Amino acid sequence: MSEKLTITALNENGEGVAHKDGQPVLVPFTLPGEEISADLVPAGKHAFRAQDVAWLTESLDRAVPPCPYFGVCGGCGLQHMNDTAYTQFKKAQVEKAFQKFKLDTSCLEDVHKVPPGHRRRINFRAVKEGGTVSLGFHQRRSHKVTNIDHCLLLLPSLNALIHPLKEVLNTVLKDQEKAHIFLTTVKEGMDALFVFSEGHVLNATVKSLLTDWAKEHGVVRVLLQAQKKEELLYQHKTPHVAFGGHDALFPVQAFLQPSEAGEQQIWAWVEQHLPKRTKYIADLFCGLGTFTFPLSEHGAVDGFEGHHKAVQYLNLSADQQRTKHPVQGTQRDLFLYPLSPNELNAYDMVFLDPPRAGASNQVKKIAKSTVPFVVMVSCSKDSFARDAAHLLEGGYKMDKTYLLDQFVWSPHLELISFFSRP
Ligand SMILES: C[S@@+](CC[C@H](N)C(=O)[O-])C[C@H]1O[C@@H](n2cnc3c(N)ncnc32)[C@H](O)[C@@H]1O
């Protein structure tokens with residue numbers, strides 16, 4: 001039997017929340033104040049999930065979702081909010097995380113949006129069923145693939161490959177076979193990795209079809225992974241990405257900021273806040289050198305990173321480039337072996353950009369150091385707030401914190417913040 005409910009709040013994923021007999025009911029794609037009727041199914045012991053939702057009243061904050069796959073495709077969850085409600089929701093999530101750690105929210109800037117259509121790397125899912133390939137992203141709460149022709153988030157060069165990909169996979173996959181296709185836009189064209197499901201046989205015909213496909217569509221490198229083995233199928237040119245005017249070598253599937261526009265915006269803010277004189281800089285969790293290379297315009301940079309290949313490529317790129325100041329990458333697990341206060345004291349600036357888990361151990365060491373200036377970039381408001389609180393306990397002052405919306409229509413934001421010793 002369907003229930004009538006009123007949405008009272010949004011959870012941190014942007015799903016509407018109502019209540020039934022004191023227990024929360026999650027109602028995706030609804031907004032506070034909206035009245036709905038829906039069937040309720042249990043979601044765990046003490047909550048419900050609404051399905052077959054019908055709207056009885058609609059919020060003024062509602063917008064028409066621009067994507068035809070919205071609601072089915074699991075990729076974007078927040079297209080039903082108008083622009084003001086959307087940015088307010090995203091900023092409010094950061095404010096909540098700050099309040100949890102008693103951080104002053106007055107340093108938070110307004111959300112800066114990277115417009116859709118700029119995403120440069122993507123992981124498509126494909127499956128062949130009934131003689132046809134579906135290609136796109138997983139549906140919400142399901143492993144089914146939503147078949148798409150176009151994604152509003154992606155660069156035109158990525159969208160242009162959707163149809164050709166379906167065509168080639170239609171020949172390469174047998175019925176019920178699945179594949180992941182990782183695509184990255186690099187300076188020379190497109191870089192592709194095909195990961196085939198268990199049991200897939202990469203015979204000569206498949207390889208020849210994929211090589212011809214790559215040549216025809218400007219794909220400069222193709223790697224194949226099947227039966228847990230990876231092989232380089234085709235390489236026409238060596239793939240590079242540009243980091244602040246420096247060409248860096250790109251190993252397949254390596255971490256890259258989602259868009260060049262987002263990466264440039266982060267750097268613009270960092271450059272605006274850099275101290276006048278920086279001689280020695282530590283770039284922690286440096287990846288391939290996204291910020292190591294631009295930082296090397298301002299001082300000698302030691303990059304630390306856990307991923308062996310990333311460090312290897314960073315050092316190769318540094319050898320092939322003329323950087324104004326020296327760049328040196330070192331492999332180090334910064335969760336297990338963070339730089340000690342003594343090591344940190346050699347630097348007059350630390351830049352850190354950890355993964356979602358944050359950098360608790362490393363930040364506690366920074367808090368005990370005398371490093372005068374720290375930049376922290378993070379894609380998780382929660383680990384950022386926790387780690388920022390450690391820095392403040394250690395006597396740092398938090399300056400402006402920028403909020404970059406480079407994960408458009410998702411609940412996530414990138415935070416970029418500056419800390420100095422008074
Ligand atoms: C958010 S990415 C940032 C990379 C780089 N700064 C960039 O913007 O491209 C986080 C990086 O942390 C690295 N990483 C993850 N866990 C690590 C650990 N325990 N120790 C050192 N690096 C780690 C990842 O390999 C990844 O390169």
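At what angle do helix α3 and helix α4 pack, and how far apart are their axes? In this predicted model, the angle between α3 (residues 162-172) and α4 (residues 204-216) is about 170°, and their axes lie 10 Å apart. Two packed helices are described in general by the angle between their axes and the distance between the axes.

**Helices α3 and α4**

- Angles over 145 degrees count as roughly antiparallel, and α3 and α4 are therefore roughly antiparallel to each other.
- On the α3 side, the contact is made by Pro 164, Val 168, Thr 171 and Val 172, while α4 contributes Val 206, Leu 209, Leu 210 and Trp 213.
- By class, the residues of this contact comprise 7 nonpolar, 1 polar and no charged.

**Helices α9 and α10**

- Helix α9 (residues 360-367) packs with helix α10 (residues 381-393) at an angle of about 15°, and 8 Å separate their axes.
- Angles under 35 degrees count as roughly parallel, and α9 and α10 are therefore roughly parallel to each other.
- The crossing in which α9 passes α10 is right-handed.
- Ser 360, Val 363, Lys 364, Ile 366 and Ala 367 of α9 meet residues of α10, namely Arg 386, Asp 387, His 390, Leu 391 and Glu 393.
- The contact of α9 with α10 includes 4 nonpolar, 2 polar and 4 charged residues.

**Helices α1 and α10**

- Helix α10 also packs with helix α1 (residues 83-100), at an angle of about 35° and with the axes 9 Å apart.
- Helix α1 passes α10 in a crossing that is right-handed.
- From α1, the contact involves Gln 93, Val 94, Ala 97, Phe 98 and Lys 100, and from α10 it involves Lys 381, Asp 382 and Ala 385.
- These residues divide into 4 nonpolar, 1 polar and 3 charged.

**Domains**

- The domain assignment of the protein chain gives domain 1 (3-62), domain 2 (89-113 + 255-420) and domain 3 (121-186 + 188-235).
- The centres of domain 2 and domain 3, taken over C-alpha atoms, are 33 Å apart.

**Surroundings of the ligand**

- There are 17 residues around the ligand, and those that come nearest are Phe 285, Gly 287, Thr 290, Gly 306 and Asp 353.
- The shell around the ligand consists of 9 nonpolar, 5 polar and 3 charged residues.

Definitions and conventions: Residues are numbered from 1 along each chain as its sequence is written. This is a predicted model: local features need pLDDT of at least 70, side-chain atom pairs count only at pLDDT 80 or more; totals for chains, interfaces and linings use all residues. Axes are lines fitted to C-alpha atoms, for helices over the stretch in contact, and angles run from 0 to 180 degrees between N-to-C directions. Helices (H or I, at least four residues) and strands (E, at least two) are DSSP runs, numbered from the N terminus. Angles under 35 degrees count as roughly parallel, over 145 as roughly antiparallel, 65 to 115 as roughly perpendicular and the rest as oblique. A crossing is left-handed if the near helix is turned anticlockwise from the far one by less than a right angle, and right-handed if clockwise. Two residues are in contact if their C-beta atoms, placed from the backbone, lie within 7 Å. Ala, Val, Leu, Ile, Met, Phe, Trp, Tyr, Cys and Pro count as nonpolar, Asp, Glu, Lys and Arg as charged, and the others, Gly among them, as polar. A residue is near a molecule or strand if its C-beta atom, placed from the backbone, lies within 6 Å of it. Domain bounds come from an automatic or database domain assignment.
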